[in-house]
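Here is a short briefing for a first look. Take a moment with the sequence and the structure before reading on.

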Amino acid sequence: MLEETSLFVLFMILLVLLFMSAFFSSSETALMSLNRYRMRHLAQQGHRGALIAESLLSRPDRLIGLILLGNNFVNIFASAIATVIGIKLLGENGILVATFALTLIVLLFAEVLPKTLAALHPERVAYPASFVLKPLQFILYPLVWIISMITRWLLRLLGVSAEDAKSTAINVEELKVALMEAGSMIPRSHKDMLMSILELEQITVNDVMVPRNEIEGIDINMPFNDIVKQLSHCGYTRLPVYQDSMDNIVGILHVRKALNLLTQDNLNPQTLNNIVKKAYFVPEGTSLNTQLIQFQRNLRRTGLVVDEYGDLLGLITLEDIFREIVGEFTANTIDDDKDIHPQSDGSFLINGTATIREINRNNQWHLPTDGPKTINGLVLEMLESIPDPGVSLRVEDYVIEVIQTADNIVKTVRIRSIEAEVSEAEPAEST
């Protein structure tokens, strides 16, 4: 029958078959390249193409079976048509010519080109194609079902279950990668906040707390006039209240309530004790994610961090956790930071009590944060002794020079990034 068909009709049939082959090839690549989360978002908004594509992808074995069934059928049929055309034009030699010619044409125009376009623009191809594949899947269901069953049986022989592919949940690290690759679709500030939220589980209260020696509190046994003077000049909203020393915490005082009583001439030792709230203690090592939930659950904004023996280590506030997420609340720049002082040569004079996390955040550095929390602690851990002024050490890509020591701690250091150095000498010691 094909031998009696005119060459024009045969060429038209071959062209249609090549188009169908390109359709199946591009559909497979496009559907498998779709962003599943964007597809689900569009489906929830009622996008018809996304709804059908999601339905097709819910059973990938059937979808692949359908596409391969259609693709192989049209390719084999196209091969038969090309053979007939070759024989009509060149006789028996036309079989070999038609084989090579069709292979090249199918490879370029029915495989590489459509699959490349589909990979670059999956949504433009997948959603329109799904309108064709869905009814085609219904029409060819018996054949597709048989192919699917054979495929699942072969997979079981190989120890693979089709159910394994149904879970598309991603973990935290994969979500971070997705955020980093979001590009301009998500503003940089929003991206930074989302990344900070994801990292709250790895950060503990010890990393962001105010250390014990820097906590400002009120000694309830002080003369009352001194207490009033301290409250009048206080720059904090809440203060710990203690007796004689920080080892005897009485509670937490809301400074604004005390000042309101003061303006009403109603502040005295008795009324002051009445507004002191019971202290809320936080175990050391608690993650910021957990502590944020605990603050919300207990309706608290301030907690005192204690170790396993109940000794006070520091103070953590809700604002400290929020600062880890959104950054500084004020417009102060690095030049205004009391602990970090930039120098004209590109280095920074930094107080030894400054936390490494704060330095990294302000300077966009990457000093190690998995050990000591302060620069003083980092230097002491590296050198294993109290260094003399002038001693330098290298920590990863940073040179730390000890400027001042006092009271068995490193008071001031100079830090410079090696990448920013031009002609600086090598450090005296290295890690």
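Start at Leu14. Leaving aside neighbours within four places in sequence, Leu14 is in contact with Ala78, Ile81, Ile85 and Leu102. The model is predicted.

**Nonpolar cores**
- Leu14 belongs to the largest nonpolar core, which has 34 residues.
- Leu14 is also listed there among the residues with the most contacts inside this core, together with Leu31, Leu34, Met39, Leu63, Tyr127 and Leu133.
- Six helices each supply at least two residues of this core: H1 (7-33), H2 (36-44), H3 (48-57), H4 (60-90), H5 (93-120) and H6 (122-139).
- The largest share, nine residues, comes from H4.
- In soluble globular proteins, nonpolar side chains tend to be buried together.

**A nonpolar patch on the surface**
- Nonpolar side chains also form a patch on the surface: Tyr141, Trp145, Ile146, Met149, Ile150, Trp153, Leu154 and Leu157.
- Together these residues have about 800 Å² of accessible area.
- Met149, one of the patch residues, sits in helix H7 (residues 141-157).
- Is Met149 buried, partly exposed or exposed? Met149 counts as partly exposed because its relative accessible area is 36%, between the limits of 20% and 50%.

**Around Asn206**
- Asn206 is part of helix H10 (residues 205-208).
- Asn206 has a relative accessible area of 15%. That value is under 20%, so Asn206 is buried.
- Which residues does Asn206 touch, not counting those up to four places away in sequence? They are Glu284, Gly285, Leu313 and Lys373.
- Asn206 and Ser287 are 81 residues apart along the chain, yet their C-alpha atoms are separated by 8.8 Å.

**The whole chain**
- The chain contains 17 helices and 14 strands.
- Its radius of gyration is 35 Å, whereas a compact globule of 431 residues would have one near 22 Å.
- The C-alpha trace spans about 115 × 55 × 45 Å along its principal axes.
- Of the 431 residues, 38% are buried.
- The chain exposes about 25400 Å², and carbon and sulfur atoms supply 57% of that area.
- Take the contacts between residues at least 6 apart in sequence: 54% of them join residues at least 24 apart.

Conventions: Residues are numbered from 1 along each chain as its sequence is written. This is a predicted model: local features need pLDDT of at least 70, side-chain atom pairs count only at pLDDT 80 or more; totals for chains, interfaces and linings use all residues. Side-chain values use heavy atoms; hydrogens and water are left out. Patches are made of residues with over 30% relative accessible area and no salt bridge: like charges are joined within 9 Å, nonpolar side chains (Val, Leu, Ile, Met, Phe, Trp, Tyr) within 5 Å. Accessible areas come from the Shrake-Rupley method with a 1.4 Å probe; for residues, only the protein chains shown count as cover. A salt bridge is a side-chain nitrogen of Lys or Arg within 4 Å of a carboxyl oxygen of Asp or Glu. Helices (H or I, at least four residues) and strands (E, at least two) are DSSP runs, numbered from the N terminus. Buried means under 20% relative accessible area, exposed over 50%, partly exposed in between (1.4 Å probe, protein chains only). The radius of gyration is taken over C-alpha atoms; the globule rule is 2.2 Å times the number of residues to the power 0.38. Contact means heavy atoms within 4.5 Å. A nonpolar core is a set of buried Ala, Val, Leu, Ile, Met, Phe, Trp, Tyr and Cys residues joined through side-chain atoms within 4.5 Å.
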